[in-house]
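Subject: Structure handover

Hello,

Here is the structure you will be working with. Please open it before you read on.

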Amino acid sequence: MRSPFLIRLLSVGAAALLAANAYVRRPDAPPGAPTVQAKESNSRRPLSAGMNASAEKNDSTELNDSTEGTAPGSAATSSSSPAFEWASVESSDYKQYVGNLRSIGFPEELVRSIVIADIDKLYAPREEPLRPKPVPHDAPMAERQSYPVAEAMERILQLREVRLEKQAVLQEILDAYVPREMLRAPMSRNYEAYEYAISLLPLEKRDAVQFIQENEFVADDMQKIKFPEHAAELEAYRRSYEERNRALLEILTPEEFERYEMNTTPAGTEMARRLIGMEPTEAESLAMFRVTYEYWLATGGVYGRWRAMSVPPEQIAAAEEQLLAGLRDALGPDRYLDYQMATSEIGQQLRNLGARYELPRDTLVQAYELQSETDRMAKSLAQVTRAGNPDHPASADLAQLQIRLSDLEQKMAQVLGPSVWQAWQDGRNHQVELKP
């Protein structure tokens with residue numbers, strides 16, 4: 001049985017859309033409700049007025065240029081084209097105004113920008129009191145991570161009603177799909193990832209998916225108020241997320257749902273961030289996401305929360321081995337090496353070096369393998385040296401380790417060449433001072 005709060009969430013959209021249709025079609029809408037048939041006081045838009053003045057100035061300039069040095073009544077004066085009048089484009093009827101703009105050759109993107117800016121301005125007095133107050137970027141963490149309260153959540157839902165109405169008005173005027181700004185709840189999330197994932201869906205599915213996702217945001221925040229104890233709140237979070245998934249799968253195909261999860265869950269978005277430079281194909285990204293998400297769950301993750309449940313260290317270690325084995329199988333040897341280079345500090349440094357000196361991939365691969373082994377040898381050498389006991393069993397290998405380490409460095413120098421090798425050493429040894 002749905003709670004009254006969830007029923008409230010699901011009923012908001014239908015009510016707002018009905019209200020929007022009424023406002024679009026009613027010329028006698030109450031004050032403060034913008035309509036397609038705009039009032040006379042709103043027909044003179046700032047942007048249009050500026051264009052009118054500019055048009056009049058250009059017409060005057062062109063007329064002066066064309067008649068300079070010509071006597072009144074001459075043939076040049078009588079053959080001038082009639083001046084363009086912006087008043088012929090202006091209209092208090094938004095649909096007529098859009099049609100006029102299109103008829104004189106305005107690009108569709110510019111028409112949309114003009115109308116959206118105009119409607120945004122008309123709706124601003126209704127939206128502004130409901131918007132969450134912005135927090136300065138340098139505010140203390142306690143202020144930036146605002147905790148939800150019931151009154152704030154109610155205002156957020158009211159804001160969505162207004163935005164749904166505005167979206168319906170814009171789509172009626174433009175006769176085309178217009179996206180709606182994502183509703184943002186008080187708790188911090190990667191909202192940009194959700195906006196990006198929704199933008200990849202078919203147009204006819206975007207609004208429904210966005211509405212379901214926003215419901216989950218609000219339910220999640222409300223549960224933090226209702227369940228102060230972690231275990232109870234985590235269980236409520238799990239249930240609301242599963243309800244979200246069921247709702248999404250009624251709209252999306254399994255393939256669309258998987259891509260949506262890859263582009264919105266922290267397991268997928270963090271994976272994408274780490275793979276910068278590898279440039280995986282979509283098939284590779286999906287294959288890696290499946291393995292990565294299994295690792296996420298095996299190490300205690302619960303949907304969007306990293307290690308929400310405590311698991312034994314040995315379980316985490318086993319999951320890490322399975323992750324690497326799964327990635328090797330999914331990618332194959334060559335692309336797995338590209339993955340390692342993209343996700344390791346050595347690989348990132350070598351990639352930057354390769355871009356600077358235009359090194360071929362084969363050279364970077366050899367250098368990566370050599371430097372990785374060099375670092376392992378250096379670590380072993382440091383462990384033996386720290387033992388500080390000449391009779392230590394490992395100390396017998398000290399000379400061999402030093403020889404092997406020197407050999408690896410010489411091979412690295414041969415692979416990169418003298419100048420690049422020197423740049424590599426300088427870069428690795430350079431200490432950056434970040435203090436002001």
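This is a predicted model: local features need pLDDT of at least 70, side-chain atom pairs count only at pLDDT 80 or more; totals for chains, interfaces and linings use all residues.

**The whole protein**

The protein has 18 helices and 0 strands. It contains 436 residues, and 39% of them are buried. Now take the contacts between residues at least 6 apart in sequence. Of these, 65% join residues at least 24 apart.

Find helix α17, residues 398–416. This helix has 19 residues. From first C-alpha to last, α17 reaches 27 Å, close to the 27 Å expected at 1.5 Å a residue.

Which residues of α17 are buried? They are Leu401, Leu405, Leu408, Met412 and Leu416. These residues sit on the same side of α17, because they cover an arc of only 60° around the axis. Now turn the helix around. The face turned away from the buried side carries Gln400, Ile403 and Gln414, which are exposed. After α17 comes Gly417, with a positive phi near 90°.

**Charged pairs**

Side chains of opposite charge can pair when their charged atoms come close. How many salt bridges does the protein have? The count comes to 32.

- Glu108 and Arg102: their closest N and O atoms are 2.7 Å apart. Glu108 is partly exposed, at 35% relative accessibility. Arg102 is also partly exposed, at 33%.
- Glu127 and Arg131: the N to O distance in this salt bridge is 3.3 Å. Is Glu127 buried or exposed? Glu127 is buried, because its relative accessible area is 2%, under the 20% cut-off. Arg131 is partly exposed, at 29%.
- Glu235 and Arg239: here the N to O distance is 4.0 Å. Both residues lie in helix α10 (residues 230–249). They are 4 residues apart there, so about one helical turn separates them. Glu235 is partly exposed, with a relative accessible area of 36%. For Arg239, also partly exposed, the value is 45%.

Best wishes

Notes
Residues are numbered from 1 along each chain as its sequence is written. Side-chain values use heavy atoms; hydrogens and water are left out. Helices (H or I, at least four residues) and strands (E, at least two) are DSSP runs, numbered from the N terminus. The expected span of a helix is 1.5 Å times one less than its number of residues. Buried means under 20% relative accessible area, exposed over 50%, partly exposed in between (1.4 Å probe, protein chains only). The arc is that of the directions from the helix axis to the C-beta atoms. Contact means heavy atoms within 4.5 Å. A salt bridge is a side-chain nitrogen of Lys or Arg within 4 Å of a carboxyl oxygen of Asp or Glu.
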